[in-house]
Amino acid sequence: MGGVLVILEAIGTDLAAISRELLGKGRQLADTLGGPLAALAIGPTTSVAAQAGAFGADQVYTVQAPVLAQYTTDGYVAAAMAAVQTCNPALILAGSSFQMRDFGAALATDLNAGLVVDVTDLQVVDGALQATRPSHGGNVINTYRFAAGKPVVALVRKQSFPEATAQPDRSVPITELTISDLTPRTEVVSVVPKAGAVNLTDAAIIVTGGRGLGNKDNYYRLIPPLAEVLGGAYGASRAIVDDGWVPYEHQVGQTGKTVSPKLYIAAGVSGAIQHLAGMRTSRTIVAINKDPEAPIFRIATFGVVGDVNEILPLLTEEVKRRLN
Ligand code: FAD
């Protein structure tokens, strides 16, 4: 036992950004642990198997079976168990999405392994794996230390680590593994894409509005246009979701989405602890608020004290001008 196994995710035919990030961190940890970096592509993600080699994996495993066409806990755990039995990793890395949390918990149970979700850092300290994860709305930072000798399943928050550098000429062995016949306890009957679905968690740029926008019309006049010119998504505080201005899928925070974009613009948002819980790990935070004492300024990278009604149109026009 000593290597690292990364569970791959795909977006269309491309390796998802989270997988490139995990391969980057996985490489570093595998070198420290003295084992190989392996990657596993399950079902439809096998189309990205070769890309994992180009992003640093030493060995890629694939598992294809009709039962893996759609995600089910049993199917994915069976596929992962086949890879784990082959490469015996000390650490299994996956993203901390809803689906991977379901999968990771079931896999850790079957392996009698340690599990940590929402990880923002991973290190090897004195030979033992140590994981960091925020809790209590980001006000408490927990450190988990795992005893050696048992594998660890760590589910990592997006954008916690830089992406691995691509080495397009690198080619590595791809080994197909098989799983025995399996009847999952759940069956996917159909998949219905939600109309107007918002992919806040994958957005690199998010512009969020809060009650400081004054009313629903102002929100739609000021927030989506800025998000659009920046090529990002738009979010909302719970206050304005509860008031019916914006649908729930836009809500950021403890009871909404946890996001970690490269740029998060919070306009007319006070920065309540429950809001910060969902966005404080964003790389760059820009806050616009007329109250210089607003808590959002305590975590902002850049702060603008002013009226959103004045600042946002100027900002949108300036971004448009610079992009043209
Ligand atoms: P406010 O707190 O009312 O802040 C409005 C801000 O706008 C103020 O700072 C004000 O100075 C500023 N402002 C006003 N006018 C202007 C102007 N013209 N220009 C510039 N600035 C202006 N909240 C979330 O967001 N997400 C969650 O997931 C969430 N979960 C929660 C879970 C629980 C269990 C609880 C109890 C609360 C939760 N909340 C959540 C609610 C949270 O506590 C706050 O009430 C909410 O975040 C406040 O939203 P807001 O910042 O838009 O509004």
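Trainee: Does Gly 231 count as buried or exposed, and at what relative accessibility?

Mentor: This is a predicted model, and in it Gly 231 lies in the loop between H5 and E14. Since exposed means over 50% relative accessible area, Gly 231 counts as exposed, because its relative accessibility is 64%.

Trainee: How far apart in space are Gly 231 and Ile 205, C-alpha to C-alpha?

Mentor: Along the sequence, Gly 231 and Ile 205 are separated by 26 residues. In space, taken from C-alpha to C-alpha, the distance between Gly 231 and Ile 205 is 7.1 Å.

Trainee: Which strands stand at the edges of the sheet of 5 strands?

Mentor: The 5 strands of this open sheet follow the order E14-E13-E15-E16-E17, and their pairing is parallel. Two of these strands have a single partner strand each, so one side of each is left without a neighbour in the sheet, and these are strand E14 (233–236) and strand E17 (302–305).

Trainee: What angle does the direction of helix H9 make with that of E16?

Mentor: Helix H9, which spans residues 308–323, packs on the sheet and touches E15, strand E16 (284–289) and E17. The angle between the direction of H9 and that of E16 is about 135°.

Trainee: Is H5 roughly parallel or roughly antiparallel to H9?

Mentor: Helix H5 (residues 216–230) packs with H9 at an angle of about 25°, and their axes are 9 Å apart. Because angles under 35 degrees count as roughly parallel, H5 is described, relative to H9, as roughly parallel.

Trainee: How many nonpolar residues does the contact of H5 with H9 have?

Mentor: Residues of H5, including Leu 222, Ile 223 and Leu 226, meet residues of H9, among them Leu 312, Leu 315 and Val 319. By class, the contact has 3 polar and 2 charged residues, while the number of nonpolar residues is 12.

Trainee: In E6, which residue is the bridge partner of Val 6?

Mentor: An open sheet of 7 strands, with parallel pairing, has the order E7-E11-E6-E1-E4-E5-E12. Within this sheet, strand E1 (residues 4–7) and strand E6 (residues 91–95) run parallel and are joined by 3 bridges. The bridge partner of Val 6 in E6 is Leu 93.

Notes:
Residues numbered from 1 in each chain as written. Predicted model: local features only at pLDDT ≥ 70, side-chain atom pairs only at ≥ 80, totals over all residues. Heavy atoms only, no water. Pairing = 2+ DSSP bridges. Helix = DSSP H or I, 4+ residues; strand = E, 2+ residues; numbered from the N terminus. Contact = heavy atoms within 4.5 Å. Axes fitted to C-alpha atoms, helices over the stretch in contact; angles between N-to-C directions. Parallel < 35°, antiparallel > 145°, perpendicular 65-115°, else oblique. Nonpolar A, V, L, I, M, F, W, Y, C, P; charged D, E, K, R; others polar. Buried < 20%, exposed > 50% of the residue type's maximum accessible area, 1.4 Å probe, protein only.
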